[in-house]
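Colleague: Could you take a close look at one part of this model for me? I'd like a connected walk through the packing there.

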Amino acid sequence: MTLETISGNKSFGGWHRQYRHHSEVLGCTMRLAVYLPPQAEHGPVPALYWLSGLTCSDENFMQKAGAQRIAAELGIALIAPDTSPRGDGVADDPAYDLGMGAGFYLNASEQPWASHYRMYDYVTRELPTLLEAQLPLNGQRAISGHSMGGHGALICALREPQRYRSVSAFSPISHPMHCPWGQKAFTAYLGSDEARWREWDTVELLGSLGAPTLPCRVDVGLADPFLTEQLGIDALADAAADAGWPIELERHEGYDHSYYFVASFIEAHLRFHAAALG
């Protein structure tokens, strides 16, 4: 596999680039965005993988979060994959919360989704292997995300903690088995057997796998319209406490679910990850 450059923009002494490549895991062409800080011109740097939420692509975080300035200061690469496979022949649904733009960072087992929707393997295996072979990255990884992407970041860190040095999330869908977004996606992608669902639910994974040694930070806005019905933050806090995982959980008065919230606290998250990445 090779990376094809789509575009490049100088930013804070580094480079933001969009790439495309063929994914064997997903069976389609994928687009992603990478910000390489200026330090990458002198040697390999660590990377933060950012997983975006429902309806997003690789562009939302890079354009709205304002993360490049701090990433340039800290010498951290930012990697933003797409949120699902896309293209002709890839299964889709008219709703915004299923299909393209809504891959949920799992490996689907049910057709027609199983043929392409293997975002977990893409994010944790195929993409790091590709990027670390072709870009100046040193193999030290952190992972973060927002909403559906916060769910993705947490399950990646819990299922395979050896791949990451730290994990964080903004407004994560923490207990998808017990919220409308998760129940819809899990039924479609995984079928009706809830035993399969537990393998992709942060709260359930904490109960079965226990706490990893990874440092974790979670931020949520108390004015988030999805806080009560969709996010399950209290269940996450309880499960982490029971498992002995000292999550840094910050609840913010007045903030909502938008990228205004993410932009307000992304510097704190990047500094949190920099401490773990060394």
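In which helix is Thr202 found, and what goes on around that helix?

Modeller: Keep in mind that this is a predicted model. Thr202 is found in helix α7, and that helix spans residues 202-209. Is Thr202 buried or exposed? With a relative accessible area of 0%, Thr202 counts as buried, because anything under 20% does. Leaving aside its neighbours within four places in sequence, Thr202 is in contact with His151, Leu154, Ile155, Leu158, Ser174, Pro176 and Leu236. Pro172 is 30 residues away from Thr202 in sequence, and their C-alpha atoms are 9.6 Å apart in space.

Now for the helix pair. Two packed helices are described by the angle between their axes and the distance between the axes. Helix α4 (residues 148-159) packs on α7 at an angle of about 15°, and the two axes are 10 Å apart. That angle makes α4 roughly parallel to α7. The crossing of α4 past α7 is left-handed. On the α4 side, the contact is made by His151, Leu154, Ile155, Leu158 and Arg159, while α7 brings Thr202, Leu205, Leu206 and Leu209. Sorted by class, that contact has six nonpolar, two polar and one charged residues.

Helix α4 also meets helix α3 (residues 119-134): their axes come within 11 Å and cross at roughly 60°. This crossing is right-handed, whereas α4 passes α7 in a left-handed one. Tyr120, Val123 and Thr124 of α3 touch Ile155, Cys156 and Arg159 of α4. By class, that gives four nonpolar, one polar and one charged residues. Ile155 and Arg159 of α4 take part in this contact and also in the one with α7.

Then there's helix α9 (residues 233-243), where Leu236 sits among the buried residues along with Ile233, Ala239 and Ala240. Why do these residues lie on the same side of α9? They cover an arc of only 125° around the axis, so they end up on one side of the helix. Over on the other side of α9, Asp238, Ala241 and Asp242 are exposed. The buried residues of α9 pack against α4 and α7, and also against β8 (216-221), α8 (227-231) and β9 (248-252).

Notes:
Residues are numbered from 1 along each chain as its sequence is written. This is a predicted model: local features need pLDDT of at least 70, side-chain atom pairs count only at pLDDT 80 or more; totals for chains, interfaces and linings use all residues. Side-chain values use heavy atoms; hydrogens and water are left out. Axes are lines fitted to C-alpha atoms, for helices over the stretch in contact, and angles run from 0 to 180 degrees between N-to-C directions. Helices (H or I, at least four residues) and strands (E, at least two) are DSSP runs, numbered from the N terminus. Angles under 35 degrees count as roughly parallel, over 145 as roughly antiparallel, 65 to 115 as roughly perpendicular and the rest as oblique. A crossing is left-handed if the near helix is turned anticlockwise from the far one by less than a right angle, and right-handed if clockwise. Contact means heavy atoms within 4.5 Å. Ala, Val, Leu, Ile, Met, Phe, Trp, Tyr, Cys and Pro count as nonpolar, Asp, Glu, Lys and Arg as charged, and the others, Gly among them, as polar. Buried means under 20% relative accessible area, exposed over 50%, partly exposed in between (1.4 Å probe, protein chains only). The arc is that of the directions from the helix axis to the C-beta atoms.
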